[in-house]
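Dear colleague,

I am handing over the structure below, and my notes on what was found in it follow directly after. Please read them with the model open beside you.

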Amino acid sequence: MSAPAADVHAGSVELALRSLPGRAARLRDGTLAMGWAELRKLRHDHLDIFTRSVQPLLWLFVFGTALQHNHTLSGGFHDYRAYLAPGVMAQAALFVAIFFGLGVIWERDVGQLQRLLATPLPRLGIVLGKASGAAIRALAQAIVLLAVLAVAGISIRWSPLRVGGAIVLLLVGTAGFACLSMILAPSCARASASWASGSSS
Amino acid sequence: MSAVARAPDRAERVVLVDGLVVRFGEVEAVAGVSFEVAAGEVFGLLGPNGAGKTTTIRVLTTLLKPAEGSAFVAGHDVVREGLAVRQAIGYVPQAISIDGALTAYENLEFYGRATGVPRGERRERIAEAVEAMQLASFLDRLGRTLSGGMLRRLEIATALLKQPRVLFLDEPTVGLDPTARRLVWKRLEVLRAEAGTTVLVTTHQMEEAERQCDRIAVMDHGAIAALGSPQELRGRFGVPALEDVFTEVTGGRLEEGGSFRDVRASRRRSRRLG
């Protein structure tokens, strides 16, 4: 009895290994399809990038300028706004990431998520595609911020390596936080909605 | 009895549901449902809210795992071969599934990609769907600006791109005017003739079910209360219209199913769909 069972097991492992390239291709295609949709959305609301940039810029200029004159708080930096800039960039990226988590809740409440889950798209591809969308949004905001910094003459160290490094970190960080918020948000929402929902038919 | 002996059947019976049970905590939403749908058939699931129609469809589209029983779609087990099932089906849920931040055309393109329509055929398939569902006038408009009828037609168009073997439509004609409704059914008939697509549809519209479905299952309390062709059902209960069958079977009770969230969602939806 055990020999055929072992055979079946070996067969399924072999099958899984053989289907690996196919899976990788599906994951790539799925991620690309989701990413493509996110890019298209960004193109439609490109104004959104600017309106979303207002808040970080307010932080930078209102708080940054105000605190610059307080030497205890600003720690004796030559330009407190330059010190604040990376943090503001990260904060804006975090907002983008949280927004993607909320987006998943919204998509579940309308039928979009169910529909997506019933397509052959790999689950991981859906998440990765959305996360890359979040990263690209954060990148767009970072570019606006950097442009404002340059125009306003706030002297950060403009070394290509450092700026490039910061952007790579920003992309990876935003994608990671977007994944985290996509994991957390639906489970939080389920907890808060459970008082009202018995079952859904 | 074994799966092997049943295998030849499975190809013809595109949907095979056997003793399906789904529980949400204490509540048994689907309590031992069994039915079969033959290839090319239009099969209607009727029943009051909370009867378990949508839950059954959610199991068949691999979104929910059943607690007991088995279900095969297009010859694949919905639990163990989820991917194969998802590759063979099209699904239009009750709630709006179009991405409001994309244009109608982009939605078509996205679902073409998502359902694995080969790149070379995508343009052609989209053009066909646009023609069939008469979407040409609003292809460049964002999803969130479309009216209810436009949304439904677009949704059905996105589900048809892949020419699925089985199409699951959850209340497809809610919010559609009679003209649009006719358009939808006409397209489904064409698809059935051309590609042999099997359609499993839930509806509240008795008249529509009577006219369009080959066979009907009336569900109540998570079980199938009556099953047969519209004529058979009318004959069996000795009533002139399917609506009377419905009342007879479900006991004419007022519907009590559906949670607060369902009600909120469906009200929001009907407001949206107008």
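B:Glu210 is buried, with 20 other C-beta atoms within 10 Å; here a residue counts as buried if 20 or more other C-beta atoms lie within 10 Å of its own, exposed if 12 or fewer, and partly exposed in between, with the C-beta atoms placed from the backbone. Please keep in mind that this is a predicted model, in which local features need pLDDT of at least 70 and side-chain atom pairs count only at pLDDT 80 or more, whereas totals for chains, interfaces and linings use all residues. Residues are numbered from 1 along each chain as its sequence is written, while chains are lettered from A and ligands numbered from 1 in the order in which they are written.

B:Glu210 belongs to helix 8 (residues 206-212) of chain B, where helices (H or I, at least four residues) and strands (E, at least two) are DSSP runs numbered from the N terminus. Once neighbours within four places in sequence are left aside, B:Glu210 is in contact with B:Pro230 and B:Leu242, a contact being a pair of residues whose C-beta atoms, placed from the backbone, lie within 7 Å. The C-alpha atoms of B:Glu210 and B:Pro230 are separated by 5.7 Å, although the two residues are 20 residues apart along the chain.

Strand 9 (residues 215-220) of chain B has five of its six residues buried, so it is largely enclosed by the rest of the structure. Strand 9 of chain B pairs with strand 3 (residues 42-46) of chain B in the parallel sense over four bridges, and with strand 10 (residues 223-228) of chain B in the antiparallel sense over five bridges; pairing requires that DSSP finds at least two bridges between the strands. B:Ala217 in strand 9 stands opposite B:Leu45, and its bridge partner in strand 10 is B:Leu227. Strands 9 and 10 of chain B form a hairpin with two residues between them, and B:His221 in the turn has a positive phi of about 50 degrees.

In helix 2 (residues 53-60) of chain B, eight of the eight residues are buried, so this helix, too, is largely enclosed by the rest of the structure. Among these buried residues are B:Lys53 and B:Arg58, and the helix is followed by B:Thr62, whose phi is positive, near 70 degrees.

With kind regards

Definitions and conventions. Two residues are in contact if their C-beta atoms, placed from the backbone, lie within 7 Å.
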